[in-house]
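Work through the exercises below with the sequence and model open. Try each task before reading its solution.

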Amino acid sequence: MPAMSQLGSSRAQALERLKINSVATLDLRGSSNNKIGDVGALALTEALKSNSTLTTLNLQDNSIESNGALALAEVLKTNSTLTNLDLRYNSIGGNGALALAEALKTNSTLTTLNLGFSSIEDKGALALAEALKTNSTLTTLALTGNKIGDVGALALAEALKSNSTLIVLNLWRNSIEDTGGLALAEALDEALRTNSTLTTLDLRGNLIEGNGALALAEALKANSALTTLSLADNSIESDGALALAEALKTNSSLTTLDLQGNSIESNGALALAEALKTNSTLTTLDLKGNKIESNGALALAEALKSNSTLTTLNLQDNSIEGNGGLALAEALKTNSTLTTLALTDNKIGDVGALALAEALKTNSTLTTLNLQDNSIEGNGGLALAEALKTNSTLTNMNLWYNSIEGNGALALAEALKTNSTLTTLSLGFSSIEDKGALALAEALKTNSTLTTLDLTGNKIGHVGALALAEALKTNSTLTTLEMYINSIWYQGLLAFSEAFKTNSTLANLDLRSNKIKDTITTEFSEARKTNSILTTLDLRRTLFRENEAEALAEAIKTDSTLTALNLGYNLIQDNGALVIAEALKTNSALANLSLAGNSIGCSGALALAEALKTNSALTTLDLQNNLIGDNGSQALFEALKTNSTLTTLDLWGNLIGSNGALTLSEALKTNSTLTTLYLQKNSIRANGALALSVGLKTNSVLTTLDLWGNSIGDKGALALSEALKINSTLTTLDLPHNSIGDDGALALSEALRTNSTLTTLNLWRNSIGDRGALALSEALKINSTLATLHLGYNLVRDIGALAMAEALETNSSLATLNLAGNSIGYIKARPLFQESQDIRFIEEY
């Protein structure tokens, strides 16, 4: 039963349901607060042995390692119902992949296997490739972010020659260079002459470069099955684009081509444009961030005049400017297939906007137009608005980060009164102010199609807010209104409160970073009593005071829909916290509450602690920077002994001291739900760390502990290291700014030799020198789970760096090593980069 208790009650119930064959889909994906680990995976496999109904199992992000994967693989050998298994973001490693590969040789039902970011590397890829040669059911294999490299790519390429069932192969963000790309391409060229199943190949974020693209292009000439090819961020440049363009002239199966971030420039765009004139299958072309400039845009525009299949074109961040915009607009007048055009960050200006507006008057297919960050001003906004009056197809228009101002918004508002197709309008940071908000509010009274309106960062004051609130009383279609970073005062909130009483459609209202203050009496409370739609309310940095908190608390007592409330960095103080705590005693819906930076003090913390003893809904509580002190924290920690729902508690900057840590330690011994605990800057010092270490030795649920800036020193590090030798659940330990020296590093390194769960250790800005680095490097030779080690801004020099380089020769789990801000010489650091090439990331030293 220990495995079942670690899973938690809801997951244990799910496993019981599995045993009695009552479920077909089971989603147990983990989060920072909830991971089943190997223990849970083993319990799950036991349930699967007798189950005959489960077809889909999602176990992503659960800290499952090789032992858990081995158990799952064993079940797969005999299981005859499971078709979809998702193990993304676990650490099954090469051994886990090897076991799963063995299972695939006999399993005859699994069709989808996702092993993204699972550290399988070449060893795992080789095993899976071997399995693919005989497996006849798997159709989708996702191996994203596994550092499989050229060796793994070559093995998979060989497998494709004989495999006849795989449809989707995802190799995004591995370490495949042009050699691996060549191998894959040659295999495709040979295998796919007879293999007719592989339709999707994802090679994004590798290093296949021009030669790999040339080989893949040759394969495309012969292949007639592949429909989607993703080569984003591969440095194929213009030569690679030219080769692919040549292939597109004869290829008749490819429908989607992703070439984002490849620096193909105008020459590459010209070649692709020429291919589009004759190609009759490609529907989606993504050229984001390729420096094609206006010449490239002109060529593509010319192709669009005759092309009759392309529906989506992404030209974001290509510096096409006004001339490029003009050319594309001209093409849109005759093109009858393009539905989505993305031109974000191209500086097309009013010239381009005017031309596109003219095109929209006659174009009858475009539904989505993204013009974000294009230096469009008032005239451009006016022209686009005029086009909307007659256009009957556009549903989504994004004008974020332009300067259309009040007059532009006024024109758009007029258009909305007659337009009957636009559902989403984004005007964030467009300087529309109150003038624009007033006009848009008037339009909302009669418009019956708009569902999302984004007015973020527009300096809208209470006048504009009042007008929009008034419009909401009669509008019956708007579901999302973004008002983040404006200048709305308390009158605006009062107005929205009044609107809530009759509005029954608005589900999302974002009022973060406005200036709501003064008295709101019972208005908001009354509004919440009748409104049953709003689930998330964000009132951060709105100068919300304790009187407003009292009214809000009254509404919360009986509210059954609000699940997230953010009151961070306001002025509610201890009295406001008291009334909110009282509301929590009866509320059964609120899951996420932030009272950060509100000066609630000890009294507020005591009240909240009382509420936690009976509340059964709250899972996340953020009380950072509230000066609750050791008495307030002790009360909260006492509540943790009986509370069974809270999973995340943030007490950053609250002066809880060593006494508070002592009470916390006692709570950790019995609490069975808290998984994430933030205790940064709390002066717990060595004695507090010693107390926490005692609790950690028996606690079996906490996965993340952040002790940044607590001056625990070497003694505290020594105590925590002792706990790490026994604790089997903690995955992240943050110890920056803690005056830890070499002795503390030695103690932690000793713990790393036996600990098998910790994946992240942060020792940033301590006083660890070469002696500590040597000890840690020795531990890395043995440890096989640590994935991230932060040693930035310590006292590590060349000797320590060389020791780390030597450790990396044998260590296969460390993915990130941060040595920034140490005194490491460039020549001496070279071994680090040689050992890290293609297998891990080392931040600048």
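Residues are numbered from 1 along each chain as its sequence is written, and side-chain values use heavy atoms, without hydrogens or water.

**Exercise 1. Confidence**

Find the average pLDDT of the protein and a stretch where pLDDT is below 50.

Solution. 
- pLDDT is the predictor's confidence in each residue, from 0 to 100.
- The protein averages 89, and 90% of the residues score at least 70.
- Over residues 826-831 the pLDDT is below 50; this stretch has seven contacts beyond near neighbours in sequence (contact: heavy atoms within 4.5 Å).
- Residues 833-845 also stay under 50, with 39 contacts beyond four places in sequence.
- Where pLDDT is low, the predicted coordinates should not be read in detail.

**Exercise 2. Helix packing**

At what angle do α29 and α30 pack?

Solution. 
- Helices (H or I, at least four residues) and strands (E, at least two) are DSSP runs, numbered from the N terminus.
- Take α29 (770-780) and α30 (798-808): the angle is about 5° and the axes are 8 Å apart. Axes are lines fitted to C-alpha atoms over the stretch in contact, and angles run from 0 to 180 degrees between N-to-C directions.
- So α29 is roughly parallel to α30 (angle under 35 degrees).
- Contact residues include Leu774 and Leu776 of α29, and Ile799 and Met804 of α30.
- By class, the contact has eight nonpolar, two polar and two charged residues.

**Exercise 3. Two loop residues**

Is leucine 618 buried or exposed? Where does threonine 729 lie?

Solution. 
- Leucine 618 sits in the loop between α23 (601-614) and β22 (620-622).
- Its relative accessible area is 0%, so leucine 618 is buried (buried: under 20%; exposed: over 50%; partly exposed: in between; 1.4 Å probe, protein chains only).
- Among the residues that leucine 618 touches are Leu584, Leu593 and Leu646.
- Threonine 729 lies in the loop between α27 (713-724) and β26 (732-734).
- At 8%, threonine 729 is buried.
- The threonine 729 side chain reaches the backbone oxygen of leucine 702 at 3.1 Å.

**Exercise 4. A threonine neighbourhood**

Which residues does threonine 395 contact, leaving aside neighbours within four places in sequence?

Solution. 
- Threonine 395 is in the loop between α15 (378-388) and β14 (396-398).
- Its relative accessibility is 28%, so threonine 395 is partly exposed.
- Its contacts are Thr367, Thr368, Thr421, Leu422, Thr423 and Thr424.
- Threonine 368 is 27 residues away along the chain, with a C-alpha separation of 6.1 Å.

Key: Predicted model: local features only at pLDDT ≥ 70, side-chain atom pairs only at ≥ 80, totals over all residues. Parallel < 35°, antiparallel > 145°, perpendicular 65-115°, else oblique. Nonpolar A, V, L, I, M, F, W, Y, C, P; charged D, E, K, R; others polar. Polar contact = N/O pair within 3.5 Å; in protein donor to acceptor, adjacent residues only side chain to side chain.
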